[in-house]
Amino acid sequence: MFLHLQQTSFQYEGRSFSLQGVTLAVERGSLTGLLGPNGCGKTTLLKLMAGVLHPHGGTVVFDGRSIATISRRELARHLAVVPQETHPAFDYTVLEMVLMGRHPHLGAFQLEGPDDLAIAYDALAATGTAHLAARSYMSLSGGEKQRVVIASALAQQPDVLLLDEPTASLDLAYQLEVAALLARLNRERGVTIVLATHDLNLAASLCHSLVLVRAGRVLAEGATRDVLTGAMIRQLYDVEADVRFHEASGHLTVVPIGRAQ
């Protein structure tokens with residue numbers, strides 16, 4: 001397994017929520033979606049995969065090694081995280097934001113060199129944001145900011161990209177842009193992608209496999225076509241939904257009907 005959680009548990013201090021014996025596997029080169037209601041543990045799972053949180057039980061293994069044995073700097077050379085929102089402390093330019101992704105590859109007090117600049121510009125080109133390089137990051141639209149943050153993550157040259165709600169608060173056009181970008185990065189660059197989302201149709205159109213999470217437990221895991229069913233959506237969200245293959249789009253579509261009785 002490329003990225004593997006084995007009987008992983010986690011408890012926040014002072015909170016009743018906990019992850020309980022979660023086991024799941026992310027294969028190299030896959031595009032995996034984490035689905036579940038608010039507070040179910042999706043973001044916690046991403047943080048455990050990234051090494052930001054440490055499990056209280058079980059293990060998180062990356063490429064055959066326990067994440068606990070890998071330094072933060074080394075781990076950042078392999079795994080990049082795109083959070084729901086990014087609020088820089090200063091008004092950086094877009095290029096400066098993307099160059100931050102090079103920090104895990106630089107020594108103490110080392111400045112970016114020509115190779116780092118070339119990698120940053122390549123990441124900007126890959127995300128369609130090269131024309132924004134000199135712009136202030138804070139002046140960008142929501143969709144542009146999201147693509148720039150993904151460019152910064154790409155500049156890390158990671159094997160794995162972890163994204164938390166990558167299309168939240170974006171309008172439909174930008175949602176489609178970001179989805180197309182992630183599909184292209186996975187297909188053309190071989191980046192393994194794990195994303196947490198509430199958007200069932202995004203997951204249906206984009207993800208090879210899904211992990212359904214409810215109340216800190218994995219409800220189901222498998223290929224999207226097998227896991228994304230009306231019965232599983234009812235168990236996951238207590239919602240009745242019509243799930244069927246849409247010929248024009250070429251993937252499953254989900255239409256919520258109402259709360260389950």
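**Briefing: buried rings, strand pairing and pockets**

F2 is buried, and F62 is buried as well. The model is predicted. These two rings form a tilted aromatic pair, with 5.2 Å from centre to centre and 55° between the planes. F2 belongs to the segment before strand 1, while F62 sits in strand 4 (residues 57-62), so the pair ties together parts that are 60 residues apart in sequence.

**Aromatic rings and charges**

- The count of aromatic pairs comes to four.
- One of them joins F10 and Y12 edge-to-face, at 4.7 Å centre to centre and with 85° between the planes.
- Both partners, F10 and Y12, are buried.
- Ring pairs link F10 and Y12 with F17 in a cluster.
- Y12 also has a charge over its ring: the charged end of R15 sits 4.2 Å from the ring centre.
- Y137 has a charged residue over its face too, with K145 at 5.7 Å from the ring centre.

- Four strands make up an open sheet, in the order 2-1-4-5. Their pairing is antiparallel.
- Strand 2 (18-26) and strand 5 (65-66) stand at the edges. Each has a single partner strand, so one side of each is left without a neighbour in the sheet.
- Strand 1 (residues 3-11) runs antiparallel to strand 2, and six bridges join them.
- Within this sheet, H4 stands opposite A25 of strand 2.
- Strands of a sheet pair through backbone hydrogen bonds, in either the parallel or the antiparallel sense.

- Which residues of strand 3 (residues 31-35) are buried? Five of its five are, and the strand is mostly covered.
- L31, G33 and L35 point one way, T32 and L34 the other way, and all are buried.
- In a regular strand, side chains alternate between the two faces of the sheet.
- Strand 8 (residues 192-196) runs parallel to strand 3 and is joined to strand 3 by four bridges. Here G33 stands opposite L195.
- Strand 9 (residues 209-214) also pairs with strand 3 in the parallel sense, over four bridges. Here L34 stands opposite V211.

**Largest pocket**

- The volume of the largest pocket is about 310 Å³.
- Its lining has 16 residues. Q84, E85, T86, G142 and Q146 lie nearest the centre.
- By class, seven lining residues are nonpolar, six are polar and three are charged.

**Second largest pocket**

- The volume of the second largest pocket is about 270 Å³.
- Its lining has 18 residues, of which A50, V52, A80, V81 and V82 lie nearest the centre.
- Which elements give two or more residues to this lining? They are helix 1 (42-50), helix 2 (72-76), strand 6 (79-82) and strand 7 (160-164).
- The lining of the second largest pocket divides into twelve nonpolar, three polar and three charged residues.
- Rolling a probe the size of a water molecule over the atoms shows where empty space is left.

Notes. Residues numbered from 1 in each chain as written. Predicted model: local features only at pLDDT ≥ 70, side-chain atom pairs only at ≥ 80, totals over all residues. Heavy atoms only, no water. Pairing = 2+ DSSP bridges. 1 Å grid on protein atoms, 1.4 Å probe; cavity = no way out; pocket = protein on both sides within 12 Å on 5 of 7 lines; lining within 4 Å. Points joined across faces, edges and corners; volume = space filled by probe spheres on them. Nonpolar A, V, L, I, M, F, W, Y, C, P; charged D, E, K, R; others polar. Phe/Tyr/Trp six-rings, centres within 6.5 Å; stacked < 30°, edge-to-face > 60°. Buried < 20%, exposed > 50% of the residue type's maximum accessible area, 1.4 Å probe, protein only. Lys NZ or Arg CZ within 6 Å of the ring centre and 35° of its normal.
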